[in-house]
Amino acid sequence: METHDSLLARIAPAPGQCSRTILDPATGTPVGEAPVHTVEDLEAAVAAAAAAQPAWAALGHDARSAALLKAADAVERSAEELARLLSREQGKPLNGPNARFEVGACAAWLRATATTPLDPETVVDDGETRAELHYRPIGVVGAIGPWNWPMMITTWQIAPALRMGNTVVVKPSEYTPLSVLALTAVINEELPEGLLTVISGGPDVGEALASHPAIGKVMFTGSTATGKAIIRSSADTVKRLTLELGGNDAGIVLPDADPKAIAQDLFWGAFINTGQTCAALKRLYVHDSLYDAVCEELAAVAAAMPMGNGLDENNVLGPLQNQQQYDILARLVDAARDAGARILLGGNPDPGQPGNFYPTTLVADIDNNNPLVTEEQFGPALPIIRYTTIDQAIAMANALDVGLGASVWSPDVSAAREVAARLQAGTVWINKHGAVDPRIPFGGAKQSGYGLEFGTEGLKALGQPQIINGWTATQTRATPN
Ligand code: NAD
């Protein structure tokens, strides 16, 4: 059986280096030791990244893409080891849309990012003026990430940055440094030295990265509160930012939907990664006429999904990654219960169970102003809210100050598209929720952030636009008379 021991040995802190023991959220037992880097370590990493960047940029797109394709092969070679380490550190099961799926997505995103074309655009060519839009490297990019999909989100940040000729300094979440250190160690098997460095420290290191004068752009994925802090700390250097922040995605089930047919997709839309997903379905609005049927079908699907230790091949749901998130979720479910909402399933964690397990929870007949609806729960609890008119559902869906994703559920796709056009969200899915694709741009509306990731738009976001405005040798300048 594959283990993650050799990966842990490769990323072990140097003798005498400050380190921290990372605990398995399913058992509370140690997973491994992570280095605790400092702001001084960050300075050295930024200097090395700045020194390595010109040669990497000079290689050109073809050579950089070839290196990323090789990095994808390296990830696949170590896939099972990476998935096991990810499962132990993050808590997510090996199976289902979880650890093996996440490692597979890293390879897929590296490949897609390597092969997405990006040619200079001719903006004007009218015989008198010729202007072209190019995307040049920015320089050194900082990548700051969260703990929910640590390997995949790191890949989303570093792959386009490298492809565009930048070098990268990564600051992983202090909850999941091992996953990011291991992934980047594997990717670095195929990259020249100094291009991709991980500085595994706390928020102080993140803040130093966001304000560092030698960092040209920060890719940030995390909470809206931290996103605002990064806007502030990056202001003095007018840094470019891509901000993928918190969400509280609404799903609207139209009256003609088939509850049984959509129940499984609704479930995974909400409970992928045990609900710890930025663009998960976090509020479900169901028309009065099929409210009870949707609740019943969803509860049947949810009750059949096994939750437990991620290394057990049977499980598809795991623990909350950390105690802090568990406490947020428990507080919100308690608030719903105290306000008189009906707990359809779950809501009853076992205090004797080790690990951060909170059972799959469905909450019905809940007021739209309840904190379980208005705050991001980021865990396995879904509020289901009744509506009577579509205008009412849209108003409730749009009422919050975040807008990452949303979904509309109906066999009548044109009716669903009409509703979609009225929703304030960066992505609206129809009859699914949360599906991301390396070819399709992804980004938030309102306080869910700004900037796009993935596809051509995602590459452009990691380049400095430059206009070349001039004449070719064969053109003569028109002189005003
Ligand atoms: P977080 O904001 O607490 O932390 C994210 C990262 O920011 C960590 O690496 C942390 O060390 C760092 N950080 C903290 N303070 C900082 C500061 N002042 N300056 C710079 N860096 C700082 O987020 P989290 O709890 O790790 O992740 C959960 C949140 O992330 C949820 O709100 C979720 O919706 C969001 N998220 C969004 C997306 C997306 O694509 N939009 C994806 C995943 C998660």
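Predicted model: local features only at pLDDT ≥ 70, side-chain atom pairs only at ≥ 80, totals over all residues.
Biologist: Where does the ligand sit?

Modeller: A molecule is placed in a pocket if more than half of its atoms lie within 2 Å of the grid points of that pocket. By that test the ligand sits in the largest pocket.

Biologist: Which residues come nearest to the ligand?

Modeller: A residue belongs to the surroundings if one of its heavy atoms lies within 4 Å. There are 29 such residues around the ligand, and those that come nearest are Lys171, Glu174, Ser223, Thr226 and Glu376.

Biologist: How many residues of the shell around the ligand are charged?

Modeller: The shell includes at least two residues from each of helix 8 (203-211), strand 8 (215-221) and helix 9 (224-233). By class, 14 residues of the shell are nonpolar and 10 are polar, while the charged ones number 5.

Biologist: How far is the polar side-chain atom of Glu174 from an oxygen atom of the ligand?

Modeller: Glu174 is one of the residues that come nearest to the ligand. A pair of N or O atoms counts as a polar contact within 3.5 Å. The polar side-chain atom of Glu174 and the ligand oxygen are separated by 2.6 Å.

Biologist: What percentage of the area that the ligand exposes when taken alone does the protein bury?

Modeller: Taken alone, the ligand exposes 860 Å². Of that area, the protein buries 89%.

Biologist: Which residues are closest to the centre of the largest cavity?

Modeller: The structure holds 5 cavities of 30 Å³ or more, and the largest has a volume of about 110 Å³. Its lining consists of 15 residues, of which the closest to the centre are Thr113, Pro160, Phe454, Gly455 and Gly458.

Biologist: How many charged residues does the lining of the largest cavity have?

Modeller: Helix 5 (99-115), helix 6 (150-163) and helix 16 (455-460) each give at least two residues to this lining. Its classes are 10 nonpolar and 4 polar residues, and the charged count is 1.

Biologist: How many residues of the lining of the second largest cavity are nonpolar?

Modeller: The second largest cavity has about 80 Å³ of space. Its 14 lining residues include Ala250, Arg283 and Gln424. By class, 5 are polar and 2 are charged, and the nonpolar ones number 7.

Conventions. Residues numbered from 1 in each chain as written. Heavy atoms only, no water. 1 Å grid on protein atoms, 1.4 Å probe; cavity = no way out; pocket = protein on both sides within 12 Å on 5 of 7 lines; lining within 4 Å. Points joined across faces, edges and corners; volume = space filled by probe spheres on them. Helix = DSSP H or I, 4+ residues; strand = E, 2+ residues; numbered from the N terminus. Nonpolar A, V, L, I, M, F, W, Y, C, P; charged D, E, K, R; others polar. Polar contact = N/O pair within 3.5 Å; in protein donor to acceptor, adjacent residues only side chain to side chain. Areas by Shrake-Rupley, 256 points an atom, 1.4 Å probe, with all protein chains shown as cover.
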